[in-house]
Amino acid sequence: MKKVLIFLSLILLLGCTKKIDKFYLDDKYYGKSEFIKIDSNNIPEGNYAIYTYNSFCAFPIHCETIFKEFMDKNNVSFYSMPFEELKKTKFHDKVIYGPSILIIKDNELIAYLDAESDDDIPKYQDVEAFTNWITTYIYIK
Amino acid sequence: MKEKIIVGILCLVIGIGGGYVLFRNKGKVEKPLPLQEKSEGMRGVYDIDKNINEKTIDNYLDRSDVAYRDVRMLEDTATWENKGGERDLTGFVRGFEVIPYAYLTEFPEEYVEQKKSENVSGLYKGKTLFRLDEKGNYVANYKESMEILEYIFPKYKTIFLMCGAGGYANFTKQMLVSLGWDKTKIYNVGGYWNYEGNNRISTKVEGSNKCDFSKVPYYNIDFSRLTEIK
């Protein structure tokens, strides 16, 4: 009986754990580290990341500096877009406030930093926390 | 006797009616506001309120017990266009009166440096009512500074602060609290850029990139008429 219960618990646990399919960004985003400016009229296709920003980010450590440090260390590029522009895209259905990093796979939003979540504050302020978060979703080369 | 009764009734009616007309707008009791509650996440770091903010502000307009203040400049001196932003105050929420934070006090040095690193330069560096000393205290630059501040931000009212995205409103709140205002009566209601309600007033002139600031209720501080403290 005990064995059956353990087995059922394991099945339940595995069933409830959402599997994250880690993936590579498109090749062109590796090898350089830069913010590539885009607006709502030229949203790219494929796998990529977008940094969307407000002009008020005035943390002791600016979040853009944290993201750029990750990019420099791993030679990876992100798109960048003012939040005013992001509001005109489909991503605004989920990303209500900036600044944020959006991870896009096959044109769909997979994950993002939530400016209204206490859990995400360290990811805006610490390279290691940000790296741990983003590398849950994407591979670095 | 009959005449006296009629005159008496008339006086009563006039008295009650007149009193109603005179006092109907005075002492109006507003519904209590939700207590302040910080938003979660980064918005909370800026002290943007969880209950009264860009998404809900329409439910809290036109209150007689609230002073509504927008702390952006009509035309900002900084190069916000380098970050995809705008210099002009292209719109505001009805009922908010504009008093730029930049004229209240100087920007913290670390903020100026941060903006430089983002390629935003030229933040306003002109005259201000207060300055920051080396210990981070606000010091009046003019004899009239405090009087002006108390006029614009009446202490007997609740104050709703708004700016572009919540940052300058936070700076303003910090300043007011440091100068003796009651923290519990000052709400950072967030930024106009996140506003999606029905009380937006656009200053943009149709078919042009220009703005018409005559629509904006604005506190003009004429520093040349103030008495500088040396």
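**Exercise 1. Describe the surroundings of B:Asp65.**

*Solution.* A polar contact of 2.9 Å links the side chains of B:Asp65 and B:Arg63; such a contact is a pair of N or O atoms within 3.5 Å, where within protein one must be able to donate a hydrogen and the other to accept it, and residues adjacent in sequence count only if both atoms are side-chain atoms. The model is predicted: local features need pLDDT of at least 70, side-chain atom pairs count only at pLDDT 80 or more, and totals for chains, interfaces and linings use all residues. Residues are numbered from 1 along each chain as its sequence is written, chains are lettered from A and ligands numbered from 1 in the order in which they are written, and side-chain values use heavy atoms, leaving out hydrogens and water.

Next, locate the residue. B:Asp65 lies in the loop between helix H2 (41–45) and strand E1 (66–70) of chain B; helices (H or I, at least four residues) and strands (E, at least two) are DSSP runs numbered from the N terminus. With a relative accessible area of 26%, B:Asp65 is partly exposed (buried means under 20%, exposed over 50%, partly exposed in between, with a 1.4 Å probe and protein chains only). Leaving aside neighbours within four places in sequence, B:Asp65 is in contact (heavy atoms within 4.5 Å) with B:Glu30, B:Lys157 and B:Thr158.

**Exercise 2. Determine the strand order of the open sheet in chain B, and what packs on it.**

*Solution.* Four strands of chain B are arranged in the order E3-E1-E6-E7, with parallel pairing; two strands pair if DSSP finds at least two bridges between them. Strand E3 (97–98) and strand E7 (186–191) of chain B are the edge strands, each pairing on one side only. Two bridges join E1(B) and E3(B) in the parallel sense, and B:Arg69 stands opposite B:Glu97 in E3(B). Helix H6 (residues 167–178) of chain B packs on this sheet, touching strand E6 (158–163) and E7 of chain B, and its direction makes about 145° with that of E6(B). Axes are lines fitted to C-alpha atoms, for helices over the stretch in contact, and angles run from 0 to 180 degrees between N-to-C directions.

**Exercise 3. Why is one side of strand E1 and of strand E5 of chain A left without a neighbour in the sheet?**

*Solution.* Begin with the order: five strands of chain A form an open sheet, E1-E3-E2-E4-E5, with mixed pairing. Strand E1 (35–37) and strand E5 (108–112) of chain A stand at the edges and have a single partner strand each, so one side of each lacks a neighbour in the sheet. On average, neighbouring strands of this sheet are turned by 35° against each other, direction ignored. Within it, strand E2 (residues 48–53) and strand E3 (residues 78–82) of chain A run parallel and are joined by four bridges; A:Tyr53 has A:Pro82 in E3(A) as its bridge partner.

**Exercise 4. Which residues of H2(A) are buried, and where do they lie around the axis?**

*Solution.* The buried residues of H2(A) are A:Cys63, A:Glu64, A:Ile66, A:Phe67, A:Phe70, A:Met71 and A:Asn74. They cover an arc of only 165° around the axis, which puts them on the same side of H2(A); the arc is that of the directions from the helix axis to the C-beta atoms. These buried residues pack against E1, E2, E3, E4, helix H4 (121–125) and H5 of chain A. Just after H2(A), A:Asn75 takes a positive phi of about 50°.
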